Amino acid sequence: MSKLTADELIYGYINGIFPMADADNTLYWYAPDPRAIIPIDTYKPARSLRPVLNQNRFEIRLNTKFEQVMRYCSFPRSPDDSTWISDEIVQAYTDLHRMGLAHSVETYQNDELVGGLYGVSLGAAFFGESMFHRVSDASKVAFHYLIMTLRQQRFELLDTQFINDNVRRYGAIEIPKADYHKLLKAALRKKARFTEPIVEHLFRDRPTS
């Protein structure tokens, strides 16, 4: 069986499906119904996160250690946990990153990568894949800056695939698969760039509450 490619990932995302690896590294494609999304315009940082943002506890970087972010995301969360991010998936998404279509938001302390997330950007849609933290609040801050970037760049859809307690804290909701495909089709028709000089100030200025 041929290996997963960046082109296959693009085809999958524009058709509303995405891959995950099983425990034996076999790849399967998924299209949940209902689908989980996070409304970009209604997100608000948790009250407990605002002091962290205002104190600038983390340095934010984009796309500097994409593969490392994926590797950290692939680590099991507990001894009983398994991962869906196989080496094959890491390679395919890293290739997509080199094409400028997959991105990472990274948080640092003392020049050390301590948290972050990655996802895929097509049209005005961003498909969030996974996040990790090695320091408390590191992934929450990364997500906050993801939202700031998506708003600034006029993205319309933030797909988070499955609903769970982690994405609920960021305001995730479930919608019927048919409604998701309408939103996806509309977002793919529009142009948006994840990284541009217009957002550089977001990573220099002091965040506000």
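Which strands does α3 lie across, and at about what angle does α3 run to β6? In this predicted model, where local features need pLDDT of at least 70, side-chain atom pairs count only at pLDDT 80 or more, and totals for chains, interfaces and linings use all residues, helix α3 lies across β5 (102–109), β6 (112–122) and β7, and runs at about 105° to β6. Residues are numbered from 1 along each chain as its sequence is written, and side-chain values use heavy atoms, with hydrogens and water left out.

Helices (H or I, at least four residues) and strands (E, at least two) are DSSP runs numbered from the N terminus. Axes are lines fitted to C-alpha atoms, for helices over the stretch in contact, and angles run from 0 to 180 degrees between N-to-C directions.

**The sheet**

An open sheet is formed by seven strands in the order β4-β5-β6-β7-β8-β3-β9, with mixed pairing. From one strand to the next, the twist averages 35°. Two strands pair if DSSP finds at least two bridges between them. By this criterion β3 and β9 run antiparallel and are joined by three bridges; Ala-36 has Glu-174 in β9 as its bridge partner.

A further pairing is that of strand β1 (residues 18–21) with strand β2 (residues 27–30), antiparallel over four bridges. Within this pair, Pro-19 is bridged to Trp-29 in β2. The hairpin of β1 and β2 has five residues between the strands, and Asn-25 there takes a positive phi near 75°.

Phe-66, in helix α3, counts as buried because its relative accessibility is 2%. Leaving aside residues up to four places away in sequence, Phe-66 touches Tyr-93, Thr-94, His-97, Ala-102, His-103, Ser-104, Glu-106 and Tyr-118, where contact means heavy atoms within 4.5 Å. Phe-66 and Ser-104 are 38 residues apart along the chain, while their C-alpha atoms are separated by 5.5 Å.

**Helix packing**

| Helix pair | Angle | Axis separation |
|---|---|---|
| α3 (residues 66–74) and α4 (residues 87–98) | about 150° | 10 Å |
| α1 (residues 6–14) and α4 | about 85° | 8 Å |

Angles under 35 degrees count as roughly parallel, over 145 as roughly antiparallel, 65 to 115 as roughly perpendicular and the rest as oblique. With an angle of about 150°, α3 is therefore roughly antiparallel to α4. The crossing of these two helices is right-handed, the term for a near helix turned clockwise from the far one by less than a right angle, left-handed being anticlockwise. On the α3 side the contact involves Phe-66, Glu-67, Met-70 and Arg-71, and on the α4 side Asp-87, Ile-89, Val-90, Tyr-93, Thr-94 and His-97. These contact residues comprise five nonpolar, two polar and three charged. In this classification Ala, Val, Leu, Ile, Met, Phe, Trp, Tyr, Cys and Pro are nonpolar, Asp, Glu, Lys and Arg charged, and the others, Gly among them, polar.

Helices α1 and α4 are, by contrast in topic, therefore roughly perpendicular to each other. Ala-6, Leu-9, Ile-10 and Tyr-13 in α1 meet Ala-92, Tyr-93, Asp-95 and Leu-96 in α4. This contact has seven nonpolar, no polar and one charged residues.

**Backbone features in loops**

Most residues other than glycine have a negative phi, and most peptide bonds are trans. The peptide bond from Asp-33 to Pro-34 is cis, with omega near 5°; Pro-34 belongs to the loop between β2 and β3 (35–37).

Asn-63, not a glycine, has a positive phi of about 60° and sits in the loop between β4 (59–62) and α3. Asn-63 counts as partly exposed because its relative accessibility is 22%. Asp-137 also has a positive phi, near 75°, and lies in the loop between β7 (125–133) and α5 (138–152). With 19% relative accessibility, Asp-137 counts as buried.

Notes: Buried means under 20% relative accessible area, exposed over 50%, partly exposed in between (1.4 Å probe, protein chains only).
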